Amino acid sequence: MTLEEKVRLPQNPRGNLTLKLHLEGNRVRIVYRPAIYFSGGFEGRAQMLLPLMLKGFQQWAGEYEVFGVPATVEVAVQHRIQPHVLGADIFVNSFKGACSRVPTASLWRPGIRQRMILNFGWDAFGHQRCAAHWQENVVNLTAHEFGHVLGLFDAYGYRQHWQKVGLGWAADVLLPAARPSLAAPDGIMRSPYHKPAVVTGREIEMMLTAWKTGRLQLYENCILRLVGAQKF
């Protein structure tokens with residue numbers, strides 16, 4: 001039985017104007033056509049950042065075992081530079097204190113166009129270690145945020161963010177980190193820095209399940225189940 005026969009997408013290809021997923025036999029093809037806007041401060045660095053961002057998207061391509069079937073994943077990116085932020089699919093900025101994110105990831109659906117914010121301004125707000133390894137971190141961060149666009153939630157948990165306001169215990173309950181058996185320590189959805197990130201067959205299975213069910217896939221049960229997300 002082929003991967004296509006096992007998964008049985010309700011539509012094939014499936015997606016929206018910016019992103020489509022094709023499943024043919026044991027071959028998965030992701031076609032992404034983002035409009036990219038570089039904010040002031042990064043406009044001059046666009047030609048330097050673009051190859052690294054494109055490499056980040058390609059982190060999802062490769063040979064995997066998916067639902068017990070050897071499968072090939074291909075990623076085709078056909079980008080264009082957007083002269084203004086309105087209508088951009090990817091907003092690259094250097095704002096101090098801003099974080100990278102996909103703002104509507106918790107409400108992910110295949111037909112909803114997801115917009116990505118990439119903040120590469122590490123040197124602007126004191127993250128010297130991130131800045132020192134900036135090339136690798138641009139690749140990893142782009143790949144991680146692309147994972148949200150493909151239908152996966154974070155694996156790293158939110159304790160580090162919430163403990164700053166004394167709510168680390170709440171994060172462990174509401175938005176916990178994935179157990180090591182569910183996500184590799186250097187897995188792409190843990191948002192690793194300073195070292196190559198890994199996409200495994202499990203992430204590809206989660207992605208295909210998201211596109212089959214139309215629901216964001218979670219590593220662990222969390223509060224996002226209240227808005228339709230699903231534990232894989």
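What follows is a working chat about one predicted protein model.

Colleague: What are we looking at, and how is it numbered?
Modeller: A predicted model, where local features need pLDDT of at least 70, side-chain atom pairs count only at pLDDT 80 or more, and totals for chains, interfaces and linings use all residues. Residues are numbered from 1 along each chain as its sequence is written, and side-chain values use heavy atoms, with hydrogens and water left out.

Colleague: How many helices and strands are there?
Modeller: The protein chain has seven helices and eleven strands. Both are DSSP runs numbered from the N terminus: helices are H or I with at least four residues, strands are E with at least two.

Colleague: How much of the chain is buried?
Modeller: Of its 232 residues, 49% count as buried. Buried means under 20% relative accessible area, exposed over 50%, and partly exposed in between, with a 1.4 Å probe and protein chains only.

Colleague: And what share of the contacts link residues 24 or more positions apart?
Modeller: They make up 66% of the contacts with a separation of 6 or more. A contact means heavy atoms within 4.5 Å.

Colleague: On to sheets. What is the strand order in the five-strand one?
Modeller: That open sheet runs β1-β2-β3-β6-β5, with mixed pairing. Two strands pair if DSSP finds at least two bridges between them.

Colleague: Which strands sit at the edges?
Modeller: β1 and β5, each of which pairs on one side only.

Colleague: Which helix packs on that sheet?
Modeller: Helix α4, residues 134-149. It touches β2, β3 and β6, and its direction makes about 100 degrees with that of β3. Axes are lines fitted to C-alpha atoms, for helices over the stretch in contact, and angles run from 0 to 180 degrees between N-to-C directions.

Colleague: Walk me through the β1 end. How do β1 and β2 pair?
Modeller: Antiparallel, over two bridges, with β1 at residues 14-15. Arg14 stands opposite Leu21 in β2. The two strands form a hairpin with three residues between them.

Colleague: How many bridges join β2 to β3?
Modeller: Six, and these strands run antiparallel, with β3 at residues 27-32. His22 has Arg29 in β3 as its bridge partner. Two residues separate the strands in this hairpin, where Gly25 takes a positive phi near 60 degrees.

Colleague: Which β2 side chains are buried?
Modeller: Leu19, Leu21 and Leu23, which point to one face.

Colleague: Why does Thr209 count as buried?
Modeller: Because its relative accessibility is 16%.

Colleague: New topic. What is the order in the four-strand sheet?
Modeller: β7-β4-β8-β9, an open sheet with parallel pairing. Its edge strands are β7 (80-81) and β9 (116-119), each pairing on one side only. Two bridges join β4 (residues 35-38) to β7. Ala35 stands opposite Arg80 in β7.

Colleague: Which helix lies across those strands?
Modeller: α2, residues 46-58, lies across β4, β7, β8 (90-93) and β9. It runs at about 140 degrees to β4.

Colleague: Last one. How many cavities of 30 Å³ or more are there?
Modeller: Two, from a search of the whole structure. On a 1 Å grid over the protein atoms alone, a cavity is a set of points where a 1.4 Å probe fits but cannot get out; lining residues have an atom within 4 Å of a point. Grid points are joined across faces, edges and corners, and a volume is the space filled by probe spheres set on the points.

Colleague: What volume does the largest have, and what lines it?
Modeller: About 60 Å³. Its lining residues include Phe153, Leu175 and Tyr219.

Note on methods
1 Å grid on protein atoms, 1.4 Å probe; cavity = no way out; pocket = protein on both sides within 12 Å on 5 of 7 lines; lining within 4 Å.
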